[in-house]
Amino acid sequence: MLPKPFAASTLSMPVLEPASVGLEPVDFDAVAKALGARGYASDLEQRLAGRFARPVRARAFTDRATTVAAALKALGARPGGVCVVSALADLETLAGVAAAGLKAWLVDVDPFSAMFDTRHLRERLPHAPGPLEAIVPAAAHGRAPDMRAWAAFRDETGLPVLVDAFGAFDVMIEAPVPVLIGLPSGEGVFVACEDATPVNAIEGRPFVGDDGVAAWARLRHRLCATAQQLRVLLLDSGVSFQPGWGMSWISPTCALTLPGDDAGTVAWKLRQAGVPASCAVRDLTVKADDTPTADHIAASTVVIELDPGLDIEGLDRLCDALREALA
């Protein structure tokens with residue numbers, strides 16, 4: 001089914017009964033759900049929708065994994081079927097797929113983007129270990145996927161597509177297919193799409209708290225400056241950064257490609273030095289296709305959470321710890 005453009009509702013606001021003493025407390029979750037179903041958006045959701053290049057419906061939720069599950073159900077994915085997932089997907093993404101009653105099948109990624117290659121995926125779909133129900137492409141550490149390509153792939157295959165772009169708040173401005181994005185405060189997520197129908201159908205707890213949207217411009221400026229300093233300090237270290245990170249786009253998540261396939265050891269040494277670092281860990285219970293590219297990327301990539309408040313001395317200490325870990 002082709003996406004339907006979302007237009008703001010022209011319905012009049014519902015008439016509320018006057019409050020009276022002794023009534024039960026208002027169920028704000030139910031109110032938000034009812035208003036959302038009729039096209040009314042909260043102030044946060046209006047601001048989130050305003051970031052996109054075309055009109056979208058956006059809704060903010062509390063939890064990532066449960067929102068992945070609810071979005072897949074809203075897209076019509078039937079429990080028991082297979083959901084194709086990037087071999088580099090986060091554990092929370094896999095948890096959401098499992099919560100939707102689907103069986104994740106991990107498929108290899110492109111060596112340059114670390115994301116699905118639709119040409120490779122097209123070749124592998126006939127080999128899925130069961131009936132296909134959905135595809136969940138994952139954005140690589142905040143880098144934007146090609147959303148129009150995924151819309152074309154959905155139309156070609158007839159399979160629902162939910163893009164998990166949790167760390168890509170900075171660059172996601174298109175949503176021809178549903179996309180899940182993390183809020184810049186680090187708390188909560190939102191789902192956006194040019195077709196309002198699946199977004200309105202998501203059953204999830206609305207987000208309440210610090211969204212960080214208003215502060216993002218200032219935070220982004222600091223992150224970009226810190227990223228440039230980090231690039232200079234690591235020029236001769238042998239590590240490399242994701243293409244465009246800190247220049248055309250930014251995320252607090254900094255993925256470093258190492259000279260060797262020793263990400264586990266390097267991440268452990270960094271944590272011992274007080275640097276928050278991690279590397280991809282495969283859940284061997286999840287079925288997977290042949291994934292040599294993803295395996296190599298996972299073994300040679302360390303991810304650190306970049307503190308935008310770091311001064312030059314703090315960056316020096318971080319770089320010294322990385323060099324020692326590499327040695």
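1. First, some ground rules. This is a predicted model, in which local features need pLDDT of at least 70, side-chain atom pairs count only at pLDDT 80 or more, and totals for chains, interfaces and linings use all residues. Residues are numbered from 1 along each chain as its sequence is written, and side-chain values use heavy atoms, with hydrogens and water left out. Helices (H or I, at least four residues) and strands (E, at least two) are DSSP runs, numbered from the N terminus.

2. Let's start with α8 and α11. Two packed helices are described by the angle between their axes and the distance between the axes. Axes here are lines fitted to C-alpha atoms, for helices over the stretch in contact, and angles run from 0 to 180 degrees between N-to-C directions. Helix α8 (residues 216-233) packs against helix α11 (residues 312-326) at about 45°, and their axes are 10 Å apart. That angle makes α8 oblique to α11; under 35 degrees counts as roughly parallel, over 145 as roughly antiparallel, 65 to 115 as roughly perpendicular, and the rest as oblique.

3. Now look at how they cross. The crossing of α8 and α11 is right-handed, a label used if the near helix is turned clockwise from the far one by less than a right angle, with anticlockwise being left-handed. On the α8 side, T226, Q229, L230 and L233 meet I312, L315, D316, L318, C319 and R323 of α11 (contact means heavy atoms within 4.5 Å). The residues of this contact divide into 6 nonpolar, 2 polar and 2 charged. For these classes, Ala, Val, Leu, Ile, Met, Phe, Trp, Tyr, Cys and Pro count as nonpolar, Asp, Glu, Lys and Arg as charged, and the others, Gly among them, as polar.

4. Helix α11 also packs with helix α9 (residues 263-272), at an angle of about 140° and with the axes 9 Å apart. α9 and α11 are therefore oblique to each other, and their crossing is right-handed. V266, K269 and L270 in α9 touch A321, L322, A325 and L326 in α11. By class, that contact has 6 nonpolar, no polar and 1 charged residues.

5. Next, find α3 (residues 64-74) and α4 (residues 91-99), which pack at about 45° with their axes 7 Å apart. That makes α3 oblique to α4. Their crossing is right-handed. R64, A65, V68, A69, L72 and K73 of α3 make the contact with E92, T93, A95, G96, V97 and A99 of α4. Sorted by class, there are 7 nonpolar, 2 polar and 3 charged residues.

6. On to the strands, which pair if DSSP finds at least two bridges between them. Strand β2 (residues 82-86) joins β4 over 4 bridges, and C83 stands opposite A134 in β4.

7. Another open sheet of 4 strands runs β8-β9-β12-β10, and here the pairing is antiparallel. β8 (240-241) and β10 (277-278) are the edge strands, each pairing on one side only. Between β9 (residues 253-257) and β12 (residues 301-305) there are 5 bridges. T253 sits opposite E305 in β12.

8. Last, the charges. Side chains of opposite charge can pair when their charged atoms come close. The structure holds 15 salt bridges (a side-chain nitrogen of Lys or Arg within 4 Å of a carboxyl oxygen of Asp or Glu). One of them joins R47 and D43, at 3.1 Å from N to O. These two are 4 residues apart in helix α2 (residues 43-49), so about one helical turn separates R47 and D43.
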